[in-house]
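Please open the model in your viewer and keep the selection tool at hand. The tour goes from one selection to the next and says what can be found at each stop.

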Amino acid sequence: MRLSIFFLGLVLMLTPCYAGTSRPMPAARAVKRVSVRKRPVRRTHLIRNRPHQAHPLVILDAGHGGKDRGAKVESVLEKRLSLTTVLLVKRVLEELGYRVVLTRSHDVSLTLPRRVGIANKMDATIFVSVHYNSASNPKAKGVEVFFYPSKKDTSRAKESKHLANCVLYQMVDNTSMYSRGVKKGNLYVNREADMPSILIEGGFMTNPNELSNLKSRDFLGKLAQGIARGIDKYLKT
Ligand SMILES: [Zn+2]
């Protein structure tokens, strides 16, 4: 057992939702970053005070779609991987009794405002977007989860970070993938959502080992189960 894995195990035992570690690596993500713009202060969402807490609504967003294929390595398309993943996550969450809505359930183009608009209009409990990573360095590896550290809505930022920690912890626990940590980001779908919102980068398609895993339905099932377990843990704590 590697020493680093031993210490990771210690951290996992000591924290309910693993915060992860961040290691800078050159990674060109296929996610559109949008510059910051000023916006009015939102109403504060404290999930624990929400009237429909007893029946949480989870929005699952499969990244890319239609003409926007996302990353492509060999014959593997990010838009297909992300959709397969959210369909698997949906199945597990519904078995656990959650209401789940997908921003897309097949191969169609969706704008970022449309994706967030679905969640905001439905007054969803949480928003979870799923993507896969790519980098010029084939050694780049691991999973990471982004949230938006809003200074205007600190309670939403805090909830989003907690959600990110829960999901990352369970993904790593289920798959033994390398953790790149929970990261602050200024991604549209996280910034513009009214509710706690995260964006998962579920591994590097450009890493031969990770791509090999991601081609496996069994592995993707484990990853999806980890995401669902993390969401379940967040909604129950
Ligand atoms: Zn992507």
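Begin by selecting α4 and α7, two helices whose axes come within 7 Å and cross at roughly 145°, where axes are lines fitted to C-alpha atoms, for helices over the stretch in contact, and angles run from 0 to 180 degrees between N-to-C directions. This is a predicted model, in which local features need pLDDT of at least 70 and side-chain atom pairs count only at pLDDT 80 or more, while totals for chains, interfaces and linings use all residues. Residues are numbered from 1 along each chain as its sequence is written. Helices (H or I, at least four residues) and strands (E, at least two) are DSSP runs, numbered from the N terminus.

α4 passes α7 in a right-handed crossing; a crossing is right-handed if the near helix is turned clockwise from the far one by less than a right angle, and left-handed if anticlockwise. On the α4 side, the residues that make the contact include H162, C166, V167 and Q170, and on the α7 side they include F219, L223, I227 and Y234. Two residues are in contact if their C-beta atoms, placed from the backbone, lie within 7 Å.

Now select I227 by itself: leaving out residues up to four places away in sequence, I227 touches V89, V167, M171 and I200. Which residues touch the most other members of the largest nonpolar core? They are F127, V128, V167, L168, I198, I227 and I231, out of 54 residues in that core. Helix α4 (residues 154–175) supplies the largest share, 8 residues. A nonpolar core is a set of buried Ala, Val, Leu, Ile, Met, Phe, Trp, Tyr and Cys residues joined through C-beta atoms within 7 Å. A residue is buried if 20 or more other C-beta atoms lie within 10 Å of its own, exposed if 12 or fewer, and partly exposed in between, with C-beta atoms placed from the backbone.

Next, turn to the strands and colour the open sheet of 6 strands, whose order is β4-β1-β5-β8-β6-β7, with mixed pairing. At its edges stand β4 (99–102) and β7 (179–184), each with a single partner strand, so one side of each has no neighbour in the sheet. Neighbouring strands are turned by 20° against each other on average, direction ignored. Zoom in on β1 (residues 57–62), which pairs with β4 in the parallel sense over 4 bridges, and find V58, which stands opposite V100 in β4. Two strands pair if DSSP finds at least two bridges between them.

The last stops are in loops. E74 lies between β2 (72–73) and β3 (76–77), and has a positive phi of about 55° although it is not a glycine. With 9 C-beta neighbours inside 10 Å, E74 counts as exposed. S176, in the loop between α4 and β7, likewise has a positive phi, near 65°, and is not a glycine. S176 is also exposed, with 11 other C-beta atoms within 10 Å.
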